[in-house]
Amino acid sequence: MGAVDDPDGKSGLAHLVEHMVFDRRTSLHGPTLGDLLAGAALYHNAGTTWDATHYQDIALADRLDDVLAIEATRMAGGASRTPCR
């Protein structure tokens with residue numbers, strides 16, 4: 001999903017969703033995915049282009065399982081691959 005999928009009159013929606021993903025919580029008062037990544041990875045970020053949103057993490061090898069579990073949670077939360085038009 002990228003900027004090309006933004007509905008008419010709502011440019012920037014894919015970019016907004018990119019940011020909102022890091023604010024997702026797995027429980028009501030639990031940490032955000034961004035908080036979890038900040039504790040497990042050396043670096044995490046995302047960027048939205050015309051045709052895709054790319055998420056990236058850099059972590060030490062001994063934190064790989066933790067980062068993969070967090071990323072699996074992020075991906076399971078899902079965004080539809082169907083354009084929002």
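What percentage of the contacts between residues at least 6 apart in sequence join residues at least 24 apart? In this predicted model, the value is 53%. Contact here means heavy atoms within 4.5 Å.

The model is predicted, so local features need pLDDT of at least 70 and side-chain atom pairs count only at pLDDT 80 or more, while totals for chains, interfaces and linings use all residues. Residues are numbered from 1 along each chain as its sequence is written, and side-chain values use heavy atoms, with hydrogens and water left out.

The protein contains 3 helices and 2 strands. Helices (H or I, at least four residues) and strands (E, at least two) are DSSP runs, numbered from the N terminus. Along the sequence, the order is α-α-β-β-α. The C-alpha trace spans about 45 × 25 × 15 Å along its principal axes. Of the 85 residues, 25% count as buried. Buried means under 20% relative accessible area, exposed means over 50%, and partly exposed lies in between (1.4 Å probe, protein chains only).

Helix α2 covers residues 33-40, and helix α3 covers residues 64-77. The two pack at an angle of about 165°, with their axes 10 Å apart. That angle makes α2 roughly antiparallel to α3. Angles under 35 degrees count as roughly parallel, over 145 as roughly antiparallel, 65 to 115 as roughly perpendicular, and the rest as oblique. Axes are lines fitted to C-alpha atoms, for helices over the stretch in contact, and angles run from 0 to 180 degrees between N-to-C directions.

On the α2 side, the contact is made by Leu-33, Leu-36, Leu-37 and Ala-40. Helix α3 contributes Asp-66, Val-67, Ile-70, Glu-71, Thr-73 and Arg-74. By class, the residues of this contact are 6 nonpolar, 1 polar and 3 charged. Ala, Val, Leu, Ile, Met, Phe, Trp, Tyr, Cys and Pro count as nonpolar, Asp, Glu, Lys and Arg as charged, and the others, Gly among them, as polar.

Glu-71 is found in helix α3. Glu-71 is buried, at 8% relative accessible area. Residues up to four places away in sequence aside, Glu-71 touches Leu-37 and Asp-57. Arg-74 also lies in helix α3. Its relative accessible area is 18%, and Arg-74 is therefore buried. Beyond neighbours within four places in sequence, Arg-74 is in contact with Val-21, Arg-24, Leu-33 and Tyr-55. Of these partners, Leu-33 belongs to the α2 side of the helix contact.

Strand β1 (residues 43-48) and strand β2 (residues 53-58) run antiparallel and are joined by 6 bridges. Two strands pair if DSSP finds at least two bridges between them. A hairpin of 4 residues joins β1 to β2. Asn-45 has Gln-56 of β2 as its bridge partner.

Ala-46 lies in strand β1. At 10% relative accessibility, Ala-46 is buried. Excluding neighbours within four places in sequence, Ala-46 is in contact with Glu-18, Phe-22, His-54 and Tyr-55. Ala-46 and Asp-57 are 11 residues apart along the chain, and 8.8 Å separates their C-alpha atoms. In a regular strand, side chains alternate between the two faces of the sheet.

Gly-47 is likewise placed in strand β1. Gly-47 is partly exposed, with a relative accessible area of 28%. Its contacts outside four places in sequence are Glu-18, Ala-52, Thr-53 and His-54. Gly-47 and Gly-12 are 35 residues apart in sequence, and their C-alpha atoms are 12 Å apart in space.

Helix α1 covers residues 13-22 and includes Leu-16. Leu-16 is partly exposed, at 45% relative accessibility. Leu-16 and Ala-52 are 36 residues apart in sequence, with a C-alpha to C-alpha distance of 13 Å.
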